[in-house]
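User: I would like to learn how to read the features of a protein model one by one. Please give the general idea where there is one, and then the case at hand.

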Amino acid sequence: MDPRVDELLHYMRANYSGFGVGFKEDVWWWRLMPRRARRAATTLGQVVWFPTRRQFYRDQRSAFYRLVHECVHVVDDADEETPFLLEYTMPQWSLLILALCAIAAAWTVGSVPAWVRWPSLALPLFALLPWPSPWRLYLERRAYTMTMWVQQRLRGRVTPGMRRYILQAITGRLYWRMVWSRERAQRIVETMADRVEARWSAWPTGITPLGMEVARIIDKHRGTPWKRST
Ligand SMILES: [Zn+2]
């Protein structure tokens, strides 16, 4: 394993008692998920799930980038003032509760006609549509700021490829189309990247302990080639 990945894992295990790493290929319920979800790294609670063991060990540079991003989610999840899962799944879960209340009302109040009752059963599907989510966007912006910041420290800039990748991600199906306007998403990504480039030596807001640790790891291994192992 590359020493950078190893050290970051060590730091997270030492500081977050619930932290762990899993592989989606090992668990039956991940196989039920859409392909796109199986191929991405995901944080659930304080466990970071990577797609496959082979990919994780073979491409340690990518594993490091992904791990840093997911660790921001772990840190945010551990912060008890932020109900991470509720915030991340807004507004769908709250719309779902409203939909269920509306159905309960439609089927318990005697005077509601059948032409209202039966269509009301479709309301949960309406609630789960890909509505814009400033809450999820906020949490992903924190994590992607750290991704950009790592690239800034490793390569001296936030590359156009990285900007394109993040733009695609935040407007795409991976985050359930949390931003609808591509122009707005582009402005968000460019502002994030320009800020990271302009303040490259500053720590990302709100994730200082993790940022300092990642900086220490990067500086310690500056110039070391990324190790590949099978
Ligand atoms: Zn994320």
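User: Which residues does the domain assignment give to domain 1 and to domain 2?

Analyst: The model is a predicted one. Domain 1 takes in 3-88 + 131-220, and domain 2 is 92-127. Over C-alpha atoms, the centres of domain 1 and domain 2 are separated by 37 Å.

User: What box do the C-alpha atoms of the chain fill, and how many helices and strands are there?

Analyst: Along the principal axes, the box is roughly 75 × 40 × 30 Å. The chain has 12 helices and three strands. Of its 230 residues, 26% count as buried. Among contacts with a separation of 6 or more, 74% are between residues 24 or more positions apart.

User: How do I read the strand pairing: which pair is parallel, and which is antiparallel?

Analyst: The general idea for a strand is this: in a regular strand, side chains alternate between the two faces of the sheet. In this model, strand S1 (residues 20-23) pairs with S3 in the parallel sense over four bridges, and phenylalanine 23 stands opposite phenylalanine 50 in S3. Strand S2 (residues 42-44) runs antiparallel to S3, joined by three bridges. Here threonine 42 stands opposite tryptophan 49 in S3. S2 and S3 form a hairpin with two residues between them, and glycine 45 in the turn has a positive phi of about 65°.

User: Which residues of the largest nonpolar core touch the most other members?

Analyst: In soluble globular proteins, nonpolar side chains tend to be buried together. The largest nonpolar core in this model has 39 residues, and those touching the most other members are Leu8, Leu67, Val68, Cys71, Val72, Met146 and Met148. At least two residues of this core come from each of H1, strand S3 (47-50), helix H4 (60-78), H9, H10, H11 and helix H12 (208-220). H4 supplies the largest share, eight residues. Setting aside neighbours within four places in sequence, cysteine 71 is in contact with Leu8, Met12 and Leu210.

User: What span should H10 have, and what span does it have?

Analyst: Helix H10 (residues 160-171) has 12 residues and should span 16 Å at 1.5 Å a residue; its end C-alpha atoms are 17 Å apart, which agrees.

User: Which residues of H11 are buried, and which exposed residues does the opposite face carry?

Analyst: H11 has 17 residues and reaches 24 Å from first to last C-alpha, close to the expected 24 Å. Its buried residues are Ala185, Val189, Met192, Ala193 and Val196. Seen down the axis of H11, these lie within an arc of 90°, so they line one face of the helix. Exposed residues Glu183, Arg187, Thr191 and Ala198 are on the face turned away from the buried side. What covers the buried residues of H11 includes H9 and H10.

Note on methods:
Residues numbered from 1 in each chain as written. Predicted model: local features only at pLDDT ≥ 70, side-chain atom pairs only at ≥ 80, totals over all residues. Domains from an automatic or database assignment. Expected span 1.5 Å × (residues − 1). Buried ≥ 20, exposed ≤ 12 C-beta atoms within 10 Å, placed from the backbone. Contact = placed C-beta atoms within 7 Å. Core = buried A, V, L, I, M, F, W, Y, C linked by C-beta atoms within 7 Å. Arc of directions from axis to C-beta. Pairing = 2+ DSSP bridges.
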